[in-house]
Structure formats: C-alpha cells, structure tokens
Amino acid sequence: MLLALSVACNRKPSDEEMGQLMLSAARNAYIDHDYAAARDTILSLRKHYPLALEARRQAILLMDSIELMDAQGDSLKVEFFRRKLEHDRKGLEHKD
C-alpha cells in the first residue's frame, strides 16, 4: 500500500517504505515456515536499504525468531534420527 501511495504521488519510495515492504515479505515467509526465504529477504533488506532504520530494527527481532525456529527444527530432526537409530539397533538385536 505504501508503494502504491508513493507511485500515485509520483515519487520514489523511501528506503523505509521499501524496507517495510521487504519486512512484510519476510514475515509472510516466516509464517509459511520458509525460514530460508525469510532470512534471505532480511539480508537483502539490510544490503539494499541501509537507511530503513525502523524496518531493520524490526528485522532483528524477526531474524531472532527465524533462527530460533530453524534451530528448533534441527534439534527435532536430530532427536528423531537418534530415536530411529536406537529403535533400529534394538530391532537388529532381537533378530539375532
């Protein structure tokens, strides 16, 4: 909406406006559990819109949430495979 308003006024959107759009896209990717896309969008926001200070501030919190959820997913995978390996070992022991 901010971008549409900027275009309607015939002016280039500010870094903050563009940063907010990218932050919104990162949030949507996060909601969709696409943590890689969310992370990449935030990194792109930082690179391309260095003056989007408020968007960058909010992106710090979002990045923390992304990293937490991504790490949690990794630890769940590790736990799954640890239990699977234990189960498979027991299955092989009972066949002997």
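Lys 90 counts as partly exposed at 45% relative accessibility, and its side chain meets that of Glu 86 in a salt bridge with an N to O distance of 3.6 Å. Because Lys 90 and Glu 86 are four residues apart in helix α4, about one helical turn separates them. The model is predicted, and the chain averages a pLDDT of 89, with 89% of the residues scoring at least 70.

**Confidence along the chain**

- Among the elements of the chain, helix α2, which spans residues 15–31, has the highest mean pLDDT, at 98, whereas helix α1, residues 2–8, has the lowest, at 57.
- Where pLDDT is low, the predicted coordinates should not be read in detail.

**Salt bridges**

- A search of the whole structure finds nine salt bridges, and the one between Lys 90 and Glu 86 is described here together with two others.
- Side chains of opposite charge can pair when their charged atoms come close.
- Glu 86, the partner of Lys 90, has a relative accessibility of 37% and therefore counts as partly exposed, since this value lies between the limits of 20% and 50%.
- Glu 54 and Arg 57 also meet through their side chains in a salt bridge, at 2.5 Å from N to O, and both residues lie in helix α4, three residues apart, which is about one turn of the helix.
- Both members of that pair count as partly exposed, Glu 54 at 33% relative accessibility and Arg 57 at 46%.

**The Arg 11 and Glu 17 pair**

- Glu 17 is found in helix α2, and its side chain forms a salt bridge with the side chain of Arg 11, at 2.7 Å from N to O.
- The side chains of Glu 17 and Arg 11 are also listed as making a polar contact, at 2.7 Å.
- Glu 17 counts as buried because its relative accessible area is 12%, which is under 20%, whereas Arg 11 counts as partly exposed at 42% relative accessibility.

**Nonpolar core**

- The largest nonpolar core holds 16 residues, of which Leu 23, Ile 42, Leu 45, Tyr 49, Leu 62 and Ile 66 touch the most other members.
- The elements that contribute two or more residues to this core are α2, α3 (35–48) and α4 (53–95).
- Ile 42 touches Ala 26, Ala 59, Leu 62, Met 63 and Ile 66, when residues up to four places away in sequence are not counted.
- In soluble globular proteins, nonpolar side chains tend to be buried together.

**Aromatic pairs**

- A search of the whole structure finds two aromatic pairs, one of which joins Tyr 30 and Tyr 35 in a tilted arrangement, with 5.8 Å from centre to centre and 55 degrees between the planes.
- Within that pair, Tyr 30 counts as partly exposed at 23% relative accessibility, while Tyr 35 is buried, with a relative accessible area of 13%.
- The rings of Phe 80 and Phe 81 have their centres 4.9 Å apart and their planes at 80 degrees, so this pair is classed as edge-to-face, the angle being over 60 degrees.
- Phe 80 is partly exposed, with a relative accessible area of 48%, whereas Phe 81 counts as exposed because its relative accessibility of 51% is over 50%.

Conventions
Residues are numbered from 1 along each chain as its sequence is written. Side-chain values use heavy atoms; hydrogens and water are left out. pLDDT is the predictor's confidence in each residue, from 0 to 100. Buried means under 20% relative accessible area, exposed over 50%, partly exposed in between (1.4 Å probe, protein chains only). A polar contact is a pair of N or O atoms within 3.5 Å; within protein, one must be able to donate a hydrogen and the other to accept it, and residues adjacent in sequence count only if both atoms are side-chain atoms. A nonpolar core is a set of buried Ala, Val, Leu, Ile, Met, Phe, Trp, Tyr and Cys residues joined through side-chain atoms within 4.5 Å. Contact means heavy atoms within 4.5 Å. A salt bridge is a side-chain nitrogen of Lys or Arg within 4 Å of a carboxyl oxygen of Asp or Glu. Rings of Phe, Tyr and Trp (its six-membered ring) pair if their centres lie within 6.5 Å; planes under 30 degrees apart count as stacked, over 60 as edge-to-face and the rest as tilted.
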